[in-house]
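Open the model in your viewer and keep the selection panel at hand. The tour goes from the whole chain down to single side chains.

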Amino acid sequence: MIKSLFLASAAVLFGTVALAADVSGKLVLYTSQPNADAQQTVDAFTAKYPEVEIEWIRDGTTKVMAKLRAEFEAGAPQPDVLLIADMVTMEGLEAEGRLMPHTEADVSAYDPSLMDPERHYFSTKLITTGIVYNTNAPMVPTSYKDLLRPEAKDMLAMPSPLTSGAATIHMAAITGNPDLGWDLYEGLAEQGANPQGGNGGTYRAIAGGEKLYGFVVDFLPIRNKLEGAPVEFVFPEEGVSAVTEPVAILSTAQNPTAAKAFVDFLISPEGQQLAADMGYLPAHPAITPPEGFPALSDIKLLDFDPARALAEDAANKAKFVDIFGG
């Protein structure tokens, strides 16, 4: 028995060492993470797998995808791994057969709605979009419909779905809600809203007092409030939308072993703690959120179907332009 246990332990140890030894070589990552976060992610992964050399390229998801599309056209996609903003983009790549399934990935702890059932992509965090307001504003909104009240007239700022992936998903989630729908966006247009740019500009307009209310991703007001900014983030009673910064392996990956290790690392408790340490809401329910965030179980998410959002994306953006202009 002792000999058997020894052999079993040796086999496990050997297997672990062999697996670790196999995780090596060059890994190419395309990501939309902010530069500091991308570097921190790369540093943490290579500390665990020092024989992997990561070459990473960072830009907004739209520009990352434009570069990747050009590489597809040329027949020479470069990345092994994508870590970008949203599931809708991943759905499109999955539909085209561009993603490699990672069926061994352990997603047992996660909400199934956050993961692709075919395991082509994996959510790594939740970046929600709700309401932000300047604390000098005369009204404290608790519902999206509060933004249609007279106090918010001509005092609204919003990112544009034509620029921001998070705003695109927020639009799809809001307009797909039967109690809100396109009526809310038409009402916001009547209130003088002029959506443009990304979340950063929206946040600065509201924090600076140029505008008083709007939509924005959670971490900007929550982090800056802790440093004294006059802003408050609201999780509206109807719920929030979320981008989940999914990670995926390209079907053309040159180093699938290291790519799978990268995915496994990001969705492991260690990788999820890294996300929380960066100031994001981790997708893993056992990891404590950073200061200022509620528990994951206390957040109500608006219903969202990434496949439907992909199918309706062009029509939704056309409708948006029709309401607000290009």
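How many residues of domain 1 are in contact with residues of domain 2? The count is 15 residues of domain 1 against 15 residues of domain 2, where contact means heavy atoms within 4.5 Å. This is a predicted model, in which local features need pLDDT of at least 70 and side-chain atom pairs count only at pLDDT 80 or more, while totals for chains, interfaces and linings use all residues. Residues are numbered from 1 along each chain as its sequence is written, and side-chain values use heavy atoms, with hydrogens and water left out.

**Stop 1: the two domains**

Select 25–124 together with 244–293 for domain 1, then 127–242 together with 299–324 for domain 2. These bounds come from an automatic or database domain assignment. Taken over C-alpha atoms, the centres of the two domains are 26 Å apart.

**Stop 2: the interface**

The size of an interface is often given as the accessible area lost when the parts come together. Domain 1 and domain 2 bury about 1400 Å² between them, and 74% of this is on carbon and sulfur atoms. Buried area here is the accessible area (1.4 Å probe) that two parts lose on being put together, summed over both.

Now select Val88, Tyr280 and Phe293 in domain 1: these lose the most area to domain 2, together 36% of what that side buries.

What polar links cross this interface? One residue pair is in polar contact between the domains, both residues at pLDDT 80 or more. A polar contact is a pair of N or O atoms within 3.5 Å; within protein, one must be able to donate a hydrogen and the other to accept it, and residues adjacent in sequence count only if both atoms are side-chain atoms.

Select helix α4 (residues 87–95) next, which gives the most to the side of domain 1 that touches domain 2, with four residues. Helices (H or I, at least four residues) and strands (E, at least two) are DSSP runs, numbered from the N terminus.

**Stop 3: Asn255**

Go to Asn255, in the loop between β11 (247–250) and α9 (256–267). Is Asn255 buried or exposed? Asn255 is buried, at 12% relative accessible area; buried means under 20%, exposed over 50%, and partly exposed in between (1.4 Å probe, protein chains only). A polar atom of the Asn255 side chain lies 2.7 Å from the backbone oxygen of Ser24. Leaving aside neighbours within four places in sequence, Asn255 is in contact with Ser24, Gly25, Lys26, Leu27 and Asp80.

**Stop 4: salt bridges**

The structure holds 13 salt bridges. One of them joins Glu55 and Lys26, with the closest N and O atoms 3.1 Å apart. Glu55 sits in strand β2 (residues 52–58) and Lys26 in strand β1 (residues 25–31), 29 residues apart in the chain. Glu55 is partly exposed at 38%, and Lys26 is partly exposed at 45%.

Then select Arg69, Glu96 and Arg98, which are linked in a network of salt bridges. Within this group, the closest N and O atoms of Glu96 and Arg98 are 3.4 Å apart.

Finish in helix α11 (residues 306–324), where Arg308 and Glu312 lie four residues apart, about one turn of the helix. Their side chains meet in a salt bridge of 3.1 Å, N to O.

Terms used:
Salt bridge = Lys/Arg side-chain N within 4 Å of Asp/Glu carboxyl O.
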